[in-house]
Structures are given as C-alpha cells and as structure tokens.
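Let's take a friendly walk through a protein model together. Have the sequence and the 3D view ready, and follow along step by step.

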Amino acid sequence: AGEGTYTWSDGSHYEGRWQDGKKHGIGKYVWRSGASYAGEWKDGRMHGVGAFDAPNGARYVGGWARDKKHGLGRQVFSSGDVYEGIWRAGLPE
C-alpha cells in the first residue's frame, strides 16, 4: 500500500492511495473528458462514498459499489433537476 500519482497516455490521471497496483482507499481520478471522481476506491473501482462531477455540470454525491451509484445519494442533473434517495446498481429506486 502507498500513495502516488499516475497519468495515462490519454491524459487521464489518478492521485491517491494504491494497493497491489490498484486504486484503493481515498483518491481522485480525472478522465480525459474532464469528468472526475473523488472519494473511496476498492480494488480499482469506485466503492464507498464519493463525488462524481460530469463535464455537463451534473454532480452525484453519495454511495458507490463496484463503479455504480449505490445506497444513499444525491444527483443534481445538468438541467438542475435533483434526485435524492436510494440507488441500486446505478439506478434510482
């Protein structure tokens, strides 16, 4: 386990905790598109609590499980609409 920054050839990058060569613990990943996720990681996946910001202004803050929104969370859509509640496997209940 350790901490560090890795930049991929497409310009995306991750800064945070690593374990066994995978994102694990607290960290931030920024995609080439400008989207970003800051929060908890487990075995290279978004897992735990974190915030995802999309290039179109949409934002989700809440629970994650294996790269999908899961548990209690709040999504503000680019339209300004808001959903706050329970998510399962990436979808609102």
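This is a predicted model, and a search of the whole structure turns up 14 aromatic pairs. Take Tyr14 and Trp41 as an example: their ring centres are 5.5 Å apart and their planes meet at 85°, so this pair is edge-to-face.

Tyr14 has 0% relative accessibility, so Tyr14 is buried. Trp41 has a relative accessible area of 5%, so Trp41 is buried too.

Another edge-to-face pair is formed by Tyr83 and Trp87, at 5.3 Å centre to centre and with 85° between the planes.

Now go back to Tyr14, where Lys23 lies over the face of the ring, 5.9 Å from its centre.

Our last stop is Ser12, in the loop between strand E1 (2-7) and strand E2 (13-19). With a relative accessible area of 1%, Ser12 is buried. What does the side chain of Ser12 make a polar contact with? The partner is the side chain of Tyr29, at 3.0 Å. Leaving aside residues up to four places away in sequence, Ser12 touches Tyr6, Thr7, Tyr29, Val30, Trp31 and Arg32.

Conventions
Residues numbered from 1 in each chain as written. Predicted model: local features only at pLDDT ≥ 70, side-chain atom pairs only at ≥ 80, totals over all residues. Heavy atoms only, no water. Helix = DSSP H or I, 4+ residues; strand = E, 2+ residues; numbered from the N terminus. Buried < 20%, exposed > 50% of the residue type's maximum accessible area, 1.4 Å probe, protein only. Polar contact = N/O pair within 3.5 Å; in protein donor to acceptor, adjacent residues only side chain to side chain. Contact = heavy atoms within 4.5 Å. Phe/Tyr/Trp six-rings, centres within 6.5 Å; stacked < 30°, edge-to-face > 60°. Lys NZ or Arg CZ within 6 Å of the ring centre and 35° of its normal.
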